[in-house]
Amino acid sequence: MFEVAEYIGIIAFTMSGFFVAVRSRLDLLGVLISVFLTAFGGGIIRDVLVDRTPYVFTHAAPGFMVLGMMILMIVLKFHKRESIENRLLFIISDSIGLVSFSIAGALVAMQNELNLTGVLVMAFVTAVGGGITRDVIINEVPFVFKTGFYGTVALLVAIVLYGLEQFDILNFYTTSLLFAGGVVLRIVAYQKKWSIPLR
């Protein structure tokens, strides 16, 4: 389940990182950095926190997946399209990446026998760490801080996953349902502009 979630997240965040780079009018090197940070940044931070070699440094597939996806998007001329970040494709890819990496982070935390706090932190860091790093480097307010219900979805997914594990019903099917529900929640929250009020 971890590898499935990790690979889905990498592909989805490759797309969203590409869209953000295009919107910021970065050159090819900038696009490459944006894509790699978005796709790998959170996972690297997660793995360092649990004292293991980052997954992307020990497996060849993630790097090839990112490069292949990036080349495909250039060939299909996604970088020529206006207002790409507001398109449904960006929202869907970013939502898929968010939920997939939330699940991957929570699974790593539970494999390392962390408590609920650890599961929440690992899911959140995996899901938004790369995006925050990317946005800081390109001098923008991190996406997670200006889009309502973004990080909240990552935390909700982690809580549910932890609950499934506690009741011993965590399996491929329940995780798939959680994944679908999390993606739908994020898309609906974006469309409805949901946010947690300050007061």
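Predicted model: local features only at pLDDT ≥ 70, side-chain atom pairs only at ≥ 80, totals over all residues.
**Entry 1, helices H6 and H8.** I began with the pair formed by helix H6, residues 116–137, and helix H8, residues 150–166, whose axes come within 9 Å and cross at roughly 140°. Angles over 145 degrees would count as roughly antiparallel, and H6 and H8 are therefore oblique to each other. I noted the hand of the H6 and H8 crossing as right-handed. I then looked up who makes the contact: on the H6 side I found Leu116, Val119, Leu120, Ala123, Phe124, Ala127 and Val128, and on the H8 side Tyr150, Gly151, Ala154, Leu155, Ala158, Ile159 and Tyr162. Sorted by class, the contact of H6 with H8 holds 13 nonpolar residues and 1 polar residue, with no charged residues.

Next I turned to H1 and H5, which pack at an angle of about 145° with their axes 7 Å apart. Here I recorded a left-handed crossing for H1 and H5, whereas the crossing of H6 and H8 is right-handed. The residues in the contact of H1 with H5 divide into 18 nonpolar, 6 polar and 2 charged.

I looked up the volume of the second largest pocket, and it comes to about 160 Å³. Its lining consists of Met1, Val4, Ala5, Ile8, Ser100, Ile103, Phe172, Thr175, Ser176 and Phe179. The elements that give two or more residues to this lining are helix H1 (2–23), helix H5 (88–111) and helix H9 (172–192), so that the H1 and H5 of my previous entry turn up again here. Which helix gives the most to the lining of the second largest pocket? I found that H9 does, with 4 residues. By class I wrote down 7 nonpolar and 3 polar residues for the lining of this pocket, and no charged ones.

The largest cavity contains about 80 Å³ of space. I counted 13 residues in its lining, and those nearest its centre are Gly131, Ile132, Arg134, Phe143 and Tyr150. H1, H6 and helix H7 (143–146) are the elements that give two or more residues to the lining of the largest cavity, and H6 has the largest share, with 6 residues. I also noted that Tyr150, listed here close to the centre of the largest cavity, belongs to the H8 side of the contact with H6. The lining of the largest cavity divides into 7 nonpolar, 3 polar and 3 charged residues, while the lining of the second largest pocket has no charged residues.

Last, I looked up the second largest cavity, in which about 50 Å³ of space lies. I listed its lining as Glu6, Ile10, Ala39, Phe40, Gly43, Ile44, Asp47, Pro54, Tyr55 and Val56. The elements that give two or more residues to the lining of the second largest cavity are H1, helix H2 (28–49) and helix H3 (55–58). H2 supplies the largest share of this lining, with 5 residues.

Methods:
Residues numbered from 1 in each chain as written. Heavy atoms only, no water. 1 Å grid on protein atoms, 1.4 Å probe; cavity = no way out; pocket = protein on both sides within 12 Å on 5 of 7 lines; lining within 4 Å. Points joined across faces, edges and corners; volume = space filled by probe spheres on them. Nonpolar A, V, L, I, M, F, W, Y, C, P; charged D, E, K, R; others polar. Axes fitted to C-alpha atoms, helices over the stretch in contact; angles between N-to-C directions. Parallel < 35°, antiparallel > 145°, perpendicular 65-115°, else oblique. Left-handed = near helix turned anticlockwise from the far one by under 90°. Contact = heavy atoms within 4.5 Å.
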